[in-house]
Structure formats: C-alpha cells, structure tokens
Amino acid sequence: MIFRQLFEPISSTYTYLIGCPATGEAILVDPVMPAWQRDLQVINDLGLKLVMSVDTHIHADHITSASILRREVGSRIAIPALDALPCADVLMVEGVPLQVGALRIDPMHTPGHTDNHFSLVAGDRVFTGDALLIDGCGRTDFQSGDSGLLYESVRGKLFALPGDTLVYPAHDYQGRRVSSIAQERERNPRLGGDRSLEDFQKLMAELDLPYPKFINHAVPGNKACGVCPDGLPDHLAQYCTAMAGSPQG
Ligand SMILES: [Fe+2]
C-alpha cells in the first residue's frame, strides 16, 4: 500500500492517505478543512487519484474537508451508516469492506467516543480514530459518548486484532505517531493490562475535561459533511482557513 501520515496542527489531527499501487486510487481518512490543499498536493505529487474520503465519526474538534475534496476532485464521501447523513455517498457498515483499487479496508464499529464511531482495518494496520489513542483513548463525556461501550470496543474488538497490528490514531498531542495492538493491550494506561470496566468508567467520569471550544461549530459543520459556518468568531477562524504553507487555490 502507498501510505502517508499527514498532520494538521490546529486540532492535532492525523489524516491518513492510503493508496493502491496497482491502480493509483487513493483515499483520505479524516481529512481536515485547513489542510485540504496540502492533502491534494501530496496526492498529486504521488501521482495518485483521490476517490474517497472517510470520516471515522462526526468530529467535535475540527471540520472535515470531505465536501471540499468532493467539489475539487469528485471524491466520494464515506461516513458511518448509522449517522445517515444525506450529504454522504457511501454509508459504512461493519462487514462490508471498502475497496480502494486492489486494497481492501474493513470498517469496524467501535462506539464509545461517539455511538457511531468506526475504526478501519487495512492489512497490518488499524486506523483507530478517537477510540484508541497512543497511551490513551478518546473522551466519552459528550456527543453520545459512553465509557462502557468504549471499553468493550477497545478491549473486545481492537485488542482482539493480532498484536503486531500497527495502531494509527486520529490524534496525538505529543508527537507520537504509531503504536501497536500488543503495546496498547499491555501498556495503555487507561485501557491496557488488567483494567476493569468499573475502574475505567470511574476514571473517565472523573477526568473533568474542559468543554471543547469548537464543538458548537464543528458538529453541525460535520453533519453537513464539512461546511464552515458563517460568522465564525475571529479566535476560531483558523479552523476554516488554509494552513500556513498550503498553496492557495
Ligand atoms: Fe472525535
């Protein structure tokens, strides 16, 4: 597979480019609004064609560039079927693989961060969205989050993958890029080792995290497959502005 891990610094999001060497078809997993020109440039530089964007869930911390990418290059928009967004082209369900040229990507329903959240399994890699992070996990205190469901998704489904499966999360806030199922299964401080369900639920309930500053704009924007709201206050404008270094379109 042709592969790139792309970083968007405002929301500390990793976007993944997965391409088929045989056909030149490529997808982007969790592309972020301010980085859409950078992402298309990378695809172009690699001689690939973007055929689909996939969002693992309805994000609260950034707006997807799915609609802009569709407008620019005609890529289809894939989202979890359970979200049933009318703007989407492909509705992901577990058990129905996404085909990217000769590559097969298996959607895995991993609720808990949000109720409809999906991870994606591609060969020896798993893209875990905001379910499993490196040494952490997504929060479960808003947007239909449920720590009991997340416990089951991570320990029951993700940790059941082969130990040498590479773990690529949707975020890291400390520059870590990749882990493995075996490492997280053994060492993840929230969900690894012999952590019990009760302990995990208590730990998540006591995190006392601040209310996400962009959520009130991000969620409706993402339910429209990536529309920036009008009248965004100045201090949030960066979420919808092309990132520094991007070619201006
Ligand atoms: Fe999220």
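# Notebook: contacts, cores and an iron site

I began with Thr64, which touches Pro31, Met33, Asp55, Asn222, Cys225 and Gly226 when residues up to four places away in sequence are not counted. I note at the outset that the model is a predicted one. I located Thr64 in the loop between strand 4 and helix 2. Is Thr64 buried or exposed? Its relative accessibility is 2%, and buried means under 20%, so Thr64 counts as buried.

**Entry on the iron site.** I asked which residues coordinate the iron ion. They are His57 and His113, each through NE2, and Asp130 through OD, at 2.0 to 2.4 Å. In sequence I recorded the spacing of these donor residues as H-x55-H-x16-D. His57 belongs to the loop between strand 4 and helix 2 (66–73), while Asp130 belongs to the loop between strand 10 (125–129) and strand 11 (132–133); the pair therefore ties together parts that are 73 residues apart in sequence. I found both His57 and Asp130 to be buried.

**Entry on helix 2.** I next examined helix 2, where Ala66, Ser67, Ile68 and Leu69 are buried. The buried residues of this helix pack against strand 3, helix 1 (36–45), strand 4 and strand 5 (76–80). Arg70 is also found in helix 2, but Arg70 is partly exposed, with a relative accessible area of 28%. Not counting residues up to four places away in sequence, I listed Ser75, Ile77, Cys87 and Asp89 as residues that Arg70 touches. Val51 is 19 residues from Arg70 along the chain, and their C-alpha atoms are separated by 8.8 Å. Just after the helix, I noted that Gly74 takes a positive phi of about 80°.

**Entry on the cores.** The largest nonpolar core holds 22 residues, and those touching the most other members are Ile18, Ile27, Val54, Leu98, Ile105, Leu120 and Phe127. Which elements give two or more residues to this core? I recorded strand 2 (13–19), strand 3 (25–29), strand 4 (49–54), strand 6 (90–92), strand 7 (98–100), strand 8 (103–109) and strand 9 (118–122).

**Entry on a helix pair.** I looked up how helix 3 (residues 147–157) and helix 5 (residues 197–205) pack. Their angle is about 125°, and their axes are 9 Å apart. Helix 3 and helix 5 are therefore oblique to each other, and their crossing is right-handed. At the meeting of the two, I recorded Ser147, Gly148, Leu150 and Tyr151 from helix 3, and Leu197, Phe200, Gln201 and Met204 from helix 5.

**Entry on Asp115.** Last, I turned to Asp115, whose place is in the loop between strand 8 and strand 9. Asp115 is partly exposed, its relative accessible area being 35%. Which residues does Asp115 touch, not counting those up to four places away in sequence? I found His109, Gln143 and Ser144. Pro21 is 94 residues from Asp115 in sequence, and the two are 34 Å apart in space, C-alpha to C-alpha.

Key: Residues numbered from 1 in each chain as written. Predicted model: local features only at pLDDT ≥ 70, side-chain atom pairs only at ≥ 80, totals over all residues. Heavy atoms only, no water. Core = buried A, V, L, I, M, F, W, Y, C linked by side-chain atoms within 4.5 Å. Buried < 20%, exposed > 50% of the residue type's maximum accessible area, 1.4 Å probe, protein only. Helix = DSSP H or I, 4+ residues; strand = E, 2+ residues; numbered from the N terminus. Donors = N, O, S within 2.8 Å, 3.2 Å for Na, K, Ca; no water. Axes fitted to C-alpha atoms, helices over the stretch in contact; angles between N-to-C directions. Parallel < 35°, antiparallel > 145°, perpendicular 65-115°, else oblique. Left-handed = near helix turned anticlockwise from the far one by under 90°. Contact = heavy atoms within 4.5 Å.
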